[in-house]
Amino acid sequence: MARESQGLSPGQVETVLAAASTGAAWAFDALYRVFVPSVIGYLRVQGAWDPEDLSSEVFLAVFKGLDAFRGGDSEFRAWLFSIAHHRVVDDRRRRSRRVLEVSQDHAAADPVSATDTETQALAGFEADRITRLCLPLSADQRNVILLRLVADLNVEETAKALGKTAGAVKALQHRGLHALKKVLVEEIALQGVSP
């Protein structure tokens, strides 16, 4: 399970949260290191133009609001991805209001090593495939599926992050997975592979 591979058990997350709320720098670093891969993954498949930059905005908001946060591991995950969700929605609104121009200066300003390029290419390929598969889903279905599968939130955490009931999340997940199954079956059929 993804939560176990993140390196902190729920009890450890609560200890780190308590330390971070007192301003301990090591705790902020630990929270960032543990949760940033999931946040970037979520933002990437949601179509954020610059998921790494947007994740910085997410964590800045988290760290600014941490002193008012109350709860444990589950509540933190829901709160974190609620912020991430709102940031990606804001990002889409900003981008829809203006035309983005990417110049060669922008590309030259962000040099990356060969290893970073390979990692980014693979992550981009995965994100592109997930994004393509999620195209037929409604926005609500897509949000639920991505929070459940990419961010590894449970039903209650997803409901909190999206401001929905657990029942609504379950229904959206059911319909979304059914639609994804149809897309995958069609994709397999087009490739000539029998399921």
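1. A term is needed before the packing can be described: a helix axis here is a line fitted to C-alpha atoms over the stretch in contact, and the angle between two axes runs from 0 to 180 degrees between their N-to-C directions. Two packed helices are described by that angle and by the distance between the axes. The structure is a predicted model. In it, helix H5 and helix H9 (residues 155–162) pack with their axes 8 Å apart, at an angle of about 40°. Angles of 65 to 115 degrees count as roughly perpendicular and those under 35 as roughly parallel, so H5 is oblique to H9. The crossing of H5 and H9 is right-handed.

2. Which residues of H5 and H9 meet? From H5 come Ser74, Glu75, Arg77, Ala78, Phe81, Ser82, His85 and His86, and from H9 come Glu157, Lys160, Ala161 and Leu162. By class, the residues of this contact between H5 and H9 divide into four nonpolar, four polar and four charged.

3. On the chain as a whole: the secondary structure comes to 10 helices and zero strands. Read from the N terminus, the elements run α-α-α-α-α-α-α-α-α-α. The protein chain has 195 residues, of which 38% are buried. Among contacts with a separation of 6 or more, 66% are between residues 24 or more positions apart.

4. His85 is found in H5, which covers residues 73–97. Is His85 buried or exposed? The relative accessible area of His85 is 11%, and the cut-off for buried is under 20%, so His85 counts as buried. Setting aside residues up to four places away in sequence, His85 touches Tyr42, Gln46, Asn143 and Leu162. With one of these, Tyr42, there is a polar contact between the two side chains, at 3.0 Å. Val58 is 27 residues from His85 along the chain, and their C-alpha atoms are separated by 9.2 Å.

5. H5 also packs against helix H4 (residues 51–65); the axes of H4 and H5 come within 9 Å and cross at roughly 135°. That angle makes H4 oblique to H5, because only angles over 145 degrees count as roughly antiparallel. The crossing of H4 and H5 is right-handed. On the H4 side the contact is made by Leu54, Glu57, Val58, Phe59, Ala61, Val62 and Gly65, and on the H5 side by Phe76, Trp79, Leu80, Ile83, Ala84, Arg87, Val88, Asp91 and Arg94. By class, the contact of H4 with H5 has 11 nonpolar, one polar and four charged residues.

6. How do H9 and H10 pack, and at what angle? Their axes are 8 Å apart and the angle is about 105°, which makes H9 roughly perpendicular to H10. Val155, Thr158 and Ala159 of H9 meet Ala166, Val169 and Lys170 of H10. The contact of H9 with H10 has four nonpolar, one polar and one charged residues.

7. Val155 is placed in helix H9. With a relative accessibility of 11%, Val155 counts as buried. Not counting residues up to four places away in sequence, Val155 touches Arg148, Ala166, Val169 and Lys170.

8. Gln173 is found in helix H10 (residues 166–191). Gln173 is buried, at a relative accessible area of 18%. Leaving aside neighbours within four places in sequence, Gln173 is in contact with Val144, Ile145 and Arg148.

9. Two loop residues remain. Asp152 lies in the loop between H8 and H9. Asp152 has a positive phi of about 60° although it is not a glycine, and Asp152 is buried, with a relative accessible area of 15%. Ser138 is in the loop between helix H7 (114–134) and helix H8 (139–149). Ser138 has a relative accessible area of 34% and is therefore partly exposed. Ser138 and Ala179 are 41 residues apart in sequence, and their C-alpha atoms are 9.8 Å apart in space.

Key:
Residues numbered from 1 in each chain as written. Predicted model: local features only at pLDDT ≥ 70, side-chain atom pairs only at ≥ 80, totals over all residues. Heavy atoms only, no water. Helix = DSSP H or I, 4+ residues; strand = E, 2+ residues; numbered from the N terminus. Buried < 20%, exposed > 50% of the residue type's maximum accessible area, 1.4 Å probe, protein only. Contact = heavy atoms within 4.5 Å. Polar contact = N/O pair within 3.5 Å; in protein donor to acceptor, adjacent residues only side chain to side chain. Left-handed = near helix turned anticlockwise from the far one by under 90°. Nonpolar A, V, L, I, M, F, W, Y, C, P; charged D, E, K, R; others polar.
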